[in-house]
Amino acid sequence: MDGGAGQYAQRTVEEVFRDYKARRAAVIKALTTDVDEFFQLCDPEKENLCLYGHPNEQWEVSLPSEEVPPEIPDPALGINFARDGMQEKDWLALVAVHSDAWLLSVAFYFGARFGFDKTGRKRLFSMINELPTVYEVLNGKNKIRTAVNNHSNNKSKSNLKVKSSETQPKNPKVGQPQEEEEGLDEENEHGETLCGSCGENYAADEFWICCDLCEKWFHGKCVKITPARAEHIKQYKCPTCSSNKRVRPS
């Protein structure tokens, strides 16, 4: 486990937000791209385990801090105990909700520790609120579309923009996430499409791929898929959908 305010010394709203963003990225990685490893580490036979996200964007499943009170707030205890007693996706969603609460508690612990005033606290929350929650990323509620340039507004959803060819009917969806045809004006208020793994915004110069099962979009680098490799994949399944095929105790 990492240290708290003394070790990392966040002093400004921007620094605390960077700390929050890094811890959040680590938690999202544990629950998506590294879900197999995370599942195995959460052994119900072990003691109370917690999921920690660290400022270096690495995650860790470990026992809570032995310090009382801890240097920074601890995540939810005993996430491993419910693992085999519920459906995997429901268990992961539960961990995600508790992780969101923990991430906020750590950010505002630092805010209190460093004496943020009302304006600072409001600004910190506003910056955090611009990002989807871990729960939203995990459950695909980050699938927000925006209008593209006028010359492409009339394109069908099926006319996916790809880097290597205009049509690839047998390959998974790759390239640029497209807008939804309905509710475009309403969704336009919410921002751009977000990666189902890291939760970051779409960028035109990055390779993306869409899962054929859950229809979430992912940065190729986040799921370790290159454009060349995508050419040979008939149906792409993201790490979460692939893991859901495993047989789990009911």
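Trainee: Starting with Glu 57: buried, partly exposed or exposed?
Mentor: Glu 57 counts as partly exposed, at 43% relative accessibility. Keep in mind that this is a predicted model.

Trainee: Where is Glu 57 found?
Mentor: Glu 57 sits in the loop between β1 (50–53) and β2 (59–62).

Trainee: And what is the phi of Glu 57?
Mentor: Phi is near 70° for Glu 57, a positive value in a residue that is not glycine. Most residues other than glycine have a negative phi.

Trainee: Which loop holds Glu 215?
Mentor: Glu 215 is in the loop between β3 (208–210) and β4 (217–219). Its phi is positive as well, about 65°, although Glu 215 is not a glycine.

Trainee: Is Glu 215 buried or partly exposed?
Mentor: Partly exposed, with a relative accessibility of 37% for Glu 215.

Trainee: Let's step back. How many helices and strands does the protein chain have?
Mentor: The protein chain has nine helices and four strands. From the N terminus on, the order of elements is α-α-α-β-β-α-α-α-α-β-β-α-α.

Trainee: What percentage of the residues counts as buried?
Mentor: The protein chain has 250 residues, and 44% of them count as buried. As for contacts with a separation of 6 or more, 67% are between residues 24 or more positions apart.

Trainee: Give me a buried residue, then. What is the relative accessibility of Phe 38?
Mentor: 0%, so Phe 38 counts as buried. Phe 38 belongs to helix α3 (residues 35–41).

Trainee: Which residues is Phe 38 in contact with, leaving aside neighbours within four places in sequence?
Mentor: Phe 38 is in contact with Ala 30, Leu 31, Leu 51, Trp 59, Val 61, Ile 79, Trp 91, Leu 92 and Val 95.

Trainee: Moving to cavities. How many of 30 Å³ or more does the structure hold?
Mentor: One. The volume of the largest cavity is about 40 Å³.

Trainee: Which residues line the largest cavity?
Mentor: The lining of the largest cavity consists of Leu 51, Pro 75, Ala 76, Ile 79, Val 95, His 98 and Ser 99. By class, five of these are nonpolar, two are polar and none is charged.

Trainee: Which element gives the largest share of that lining?
Mentor: Helix α4 does, with three residues. Ser 99 is found in that helix, which covers residues 88–113.

Trainee: Is Ser 99 buried or exposed?
Mentor: Buried, with a relative accessible area of 5% for Ser 99.

Trainee: And what does the side chain of Ser 99 reach?
Mentor: The side chain of Ser 99 reaches the backbone oxygen of Val 95, at 2.8 Å. Beyond its neighbours within four places in sequence, Ser 99 is in contact with Val 27 and Leu 51.

Trainee: How many residues apart along the chain are Ser 99 and Pro 75?
Mentor: They are 24 residues apart, and their C-alpha atoms are separated by 6.7 Å. Both Ser 99 and Pro 75 line the largest cavity.

Trainee: Last one: are Cys 198 and Cys 241 buried or exposed?
Mentor: Cys 198 is buried, at a relative accessible area of 17%. Cys 241 also counts as buried, at 13% relative accessibility.

Key:
Residues numbered from 1 in each chain as written. Predicted model: local features only at pLDDT ≥ 70, side-chain atom pairs only at ≥ 80, totals over all residues. Heavy atoms only, no water. Buried < 20%, exposed > 50% of the residue type's maximum accessible area, 1.4 Å probe, protein only. Helix = DSSP H or I, 4+ residues; strand = E, 2+ residues; numbered from the N terminus. Polar contact = N/O pair within 3.5 Å; in protein donor to acceptor, adjacent residues only side chain to side chain. Contact = heavy atoms within 4.5 Å. 1 Å grid on protein atoms, 1.4 Å probe; cavity = no way out; pocket = protein on both sides within 12 Å on 5 of 7 lines; lining within 4 Å. Points joined across faces, edges and corners; volume = space filled by probe spheres on them. Nonpolar A, V, L, I, M, F, W, Y, C, P; charged D, E, K, R; others polar.
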